[in-house]
Amino acid sequence: MKKLLRTSLSLALLTGVGFAAISLATLPRPEPLYGDPDRTLSGAGNVIATGSNPDEWPSFGRDIGGSQWSPLDSVNVQNVAALREVWRYDGKDFIAAKGFAGTRLEATPLMVDGTLYTCTSFDRVLALDPASGAVRWAYDPHAIHADGAAVLPGERRTRHCRGVAYWRDTRASAGQMCATRVYRSSGDAAVVAIDGRTGQPCRDFGAEQGHPGYVTHKDFENHGEGIRTASSPPLVIGDVIVAAANAIDGTMDAADGMVRGFDARTGVLLWEFNPIPEDKRRVTGAANVWTLLSGDPERKLVFLATTSPSTDFYGGKRQFDIPLSNAVVAVSTETGKVVWHYQILKHDLWDYDLPGHPLAVTIRKDGRQRDVLIQQTKMGTLFVLDRDTGEPVFPVEEKPTPASDISGERAAPFQKTPVLPETFARTRLTRDDMFGLTPFDRAWCRARFDELRYEGIFTPPSEQGSLIFPSALGGGNWGGAAYDPHNNLLIIKAENLATIVTMKPAQSADGPKDADYLTRPLEGTGFETSGELFLSPLGIPCTPPPWGTLTAIDMDSGKRVWQVPLGQPHRFGMTAPAFLNWGSPNVAGPVATAGGLVIVGATLDKRIRAYNVKTGRELWASTLPVPGMAVPLTYAHNGRQYVVIAAGGNSLAETDIADSIVAFALPQE
């Protein structure tokens, strides 16, 4: 299972040490690249129409294409500084523990039909009043419902949620039970269906499979072990609900990366997609989709961003083409057949999953509008593909890559690299780049750099110990990009951390599966990994700041318009001074609005911020109860625009933990 901040993003990182003994004025302070407010941008693009009220936010990225853009402009660059918290929901569905024992609330609520729908880090779904945050109903699949039965058997299995999906049945009469439905990926690799008006289970969904109220991937062949509940929501296109499942990627016998289409009313299986070649399904697995899905209703396509096959750091037993892994795949929502695919990475040895959904948007390019997909990568690059053919819109080169020195391994000799757009994250390190709070820890970082194998990006894991940069944390990651069609700008966040991965002969055949992201057995390979973040003895990244950035890229030229540090490191109750411009490691990403704003939480310093989309200047910030490591949303209700974010922290980042939804609005006149 791919998750973004497993292990160590406790990141002793956070410079909570050493400030008293060091002159802050002597520390490096990266200079932001600000845009020009008077600069002429390349013209208007477009996003996929939602078919709903512009005041609403009916899907994770607002539209099915996943643009993360809102046409609302009541809150704008002129008045955003007056934004104030107006309500807060504080729940109890959290576990304040570190690592996998704790919870991660990463939900983006939906606002549709005058109700705010969200999920908790357990299996529950809530309906909230959008003006006050008051609970209208709460659904728990493990509770006894009005019809006298629970939906899901057993105890809660999830501690993580990124959101829910919403569907309106055009055949149903007004007020009919389950005329509107909320879907959530839930425990036991299931998808549950809930009546949007009452919060009661839709018992017709899944009834033909013997599970009234839900369907589960476990009812079908998954070609391996370890099929898991998806943390990301399903996607509804027309009357088809598309649901992916997670897989364990630390074993050769992983379940395949199955994606299935179900009838939105009945839950009957319509089709399934398997990324593993049919004759290789006993050899390898995974290549699953753990991130968000996007789609194009007019073309009747769903777009998949797939991951590495198993195992993720050793491919010696999968030395054959797996063209649908680490690929953008366009799948027919009617048949489940592949319409086209574009493989971005061959023979993944770095866990360089495609980490975010492809943004299905219309950009302005070379004087005309182009329907495209924009795919971010963990490598800090962007691939822009024609939506009908999958062909690159900007030039892409194939460059030679370093060879592996691990027994039985053979790295791909070439990998694709876009010439444009420009990278949005740092992609190369040198010895002179090494960072330190003092001359001593900087010297330590340089000495350690000299000990490691590092030949730039795509340096394979080795027994010597390889420096992997960008790391599998990104570069880019889920929810990290928004498209502003008014200015033809892609806004994308990044983090700039390195990891050290060392391959070792396996010590035991019976190690824990996926117990630790970087240090774990690779079952069935004869190897195990030993890994860590590249930190100094003070617990500070050896990579230079900024450790988190926000970047705007012109989608006509492919050039960066601005780039600024995003947030500040925070640890032990201390936040680094803002003037240092160090940036923060981050989870989730931004939204953009017609008010000329980019709004983003994501950082470890418990702040939500608004930036001028044309210049990158910070215009507003507010403190959250815990880090808001979720994509925010904005909607209007009764004529008032709200900005809302889930603030739950992240147990894998070892932050404070909560179960809060926080809403902001301008003061009422």
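Tutor: The model is a predicted one, and the largest pocket holds about 600 Å³ of space. Its lining is made up of 34 residues, and those nearest the centre are Thr50, Pro58, Ile64, Tyr166 and Val236. Sorted by class, the lining comprises 19 nonpolar, ten polar and five charged residues.

The residues around the largest cavity are Ser185, Ala230, Ser232, Pro233, Pro234, Ala243, Ala244, Val289, Thr291 and Leu293. Seven of these lining residues are nonpolar and three are polar, while none is charged.

From the spaces one may turn to the strands. An open sheet is formed by four strands in the order β1-β22-β23-β24, with antiparallel pairing. Strands β1 (46-47) and β24 (382-386) are at the edges and have a single partner strand each, so one side of each lacks a neighbour in the sheet. Within this sheet, β22 (residues 359-365) and β23 (residues 368-376) are joined in the antiparallel sense by seven bridges. As a general point, the strands of a sheet pair through backbone hydrogen bonds, in either a parallel or an antiparallel arrangement.

Another strand, β30 (residues 499-505), has five of its seven residues buried, and it is therefore largely enclosed by the rest of the structure. Strand β27 (residues 466-468) runs antiparallel to β30 and is joined to it by three bridges. Here leucine 467 stands opposite isoleucine 500 of β30. Strand β32 (residues 527-533) is also antiparallel to β30, and seven bridges link the two. Methionine 503 has threonine 529, in β32, as its bridge partner.

Two loop residues complete the account. Serine 584 is found in the loop between β36 (574-575) and β37 (590-593). Its relative accessibility is 0%, and because buried means under 20%, serine 584 counts as buried. The side chain of serine 584 comes to 3.1 Å from the backbone nitrogen of leucine 604. Apart from its neighbours within four places in sequence, serine 584 is in contact with Trp547, Gly548, Leu566, Gly567, Gln568, Pro569, Thr603 and Leu604.

Lysine 337 likewise lies in a loop, the one between β20 (327-332) and β21 (338-343). Its relative accessibility is 58%, and because exposed means over 50%, lysine 337 counts as exposed. Once its neighbours within four places in sequence are set aside, lysine 337 is in contact with Ala330, Val331 and Ser332. Valine 259 is 78 residues away from lysine 337 along the chain, and the C-alpha atoms of the two are separated by 11 Å.

Technical notes: Residues numbered from 1 in each chain as written. Predicted model: local features only at pLDDT ≥ 70, side-chain atom pairs only at ≥ 80, totals over all residues. Heavy atoms only, no water. Pairing = 2+ DSSP bridges. 1 Å grid on protein atoms, 1.4 Å probe; cavity = no way out; pocket = protein on both sides within 12 Å on 5 of 7 lines; lining within 4 Å. Points joined across faces, edges and corners; volume = space filled by probe spheres on them. Nonpolar A, V, L, I, M, F, W, Y, C, P; charged D, E, K, R; others polar. Buried < 20%, exposed > 50% of the residue type's maximum accessible area, 1.4 Å probe, protein only. Polar contact = N/O pair within 3.5 Å; in protein donor to acceptor, adjacent residues only side chain to side chain. Contact = heavy atoms within 4.5 Å.
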